[in-house]
Amino acid sequence: MEIYLIRHTAPDIDKGICYGQSDIPLAQTFSDESNHVLAQLPGTMDIVFTSPLKRCLELAELIPSKKMKESSQLMEMDFGDWEMKPWGEIPKNELNPWMEDFVNHNVPNGESMTILAHRVNQWYSKLKATSFEKVAIVTHAGPIRILLSTINQTPLAEAFERYQIDYGEMITIGKT
């Protein structure tokens, strides 16, 4: 199975805003960015899996494929009470414990990286049991980091530093 991990293109939101599972629109650069992504794909996919958030769904709908399937398990980390707040306005007594142990510490009314990894890896286990040959996955930086950590057997605590993923970036995973 060849897997094409694709991060959504740039969202239309000010820098410094926490927006994990918030459904925000795409930037005006979407057409150019999506054309760049599509030009990298090797033809028609057997299936495209996508997060249901519109910043992923709009790109996924453009990918030539035999089938498309949305999965909430591919959504970005749930930042709970922090959604749509500027990072600088999140109370330090909430932010600091999470920054010190984002792998295990839940965001208030949200997720930890361990919870995100559990749902993404549950989904990935089902994918590995299929017979698809070419799979595109349009998702967010968090789930891509989880998948790369799982595939490369790297600790979750290293995922943010090790896997820097730009908007519209595609990472190809060879035969799995």
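## Salt bridges in a predicted model

E111 and R119 are both buried (under 20% relative accessible area, where exposed means over 50% and partly exposed lies in between, using a 1.4 Å probe and protein chains only). The side chains of these two residues, E111 and R119, meet in a salt bridge, with 2.8 Å from N to O. By that term we mean a side-chain nitrogen of Lys or Arg within 4 Å of a carboxyl oxygen of Asp or Glu.

A word on the ground rules: this is a predicted model, in which local features need pLDDT of at least 70 and side-chain atom pairs count only at pLDDT 80 or more, while totals for chains, interfaces and linings use all residues. Residues are numbered from 1 along each chain as its sequence is written, and side-chain values use heavy atoms, leaving out hydrogens and water.

| Pair | N to O distance |
|---|---|
| E111 and R119 | 2.8 Å |
| E158 and R162 | 3.0 Å |
| K66 and D46 | 3.3 Å |

Let's turn to K66 and D46, whose closest N and O atoms are 3.3 Å apart. K66 sits in the loop between α2 (54–60) and β3 (68–70), and D46 in the loop between α1 (30–40) and β2 (47–50), so their pairing ties together parts that are 20 residues apart in sequence. Helices (H or I, at least four residues) and strands (E, at least two) are DSSP runs numbered from the N terminus. K66 is exposed at 66% relative accessible area, whereas D46 is buried at 18%.

In the pair of E158 and R162, E158 is partly exposed at 33% relative accessibility, and R162 is partly exposed at 47%.
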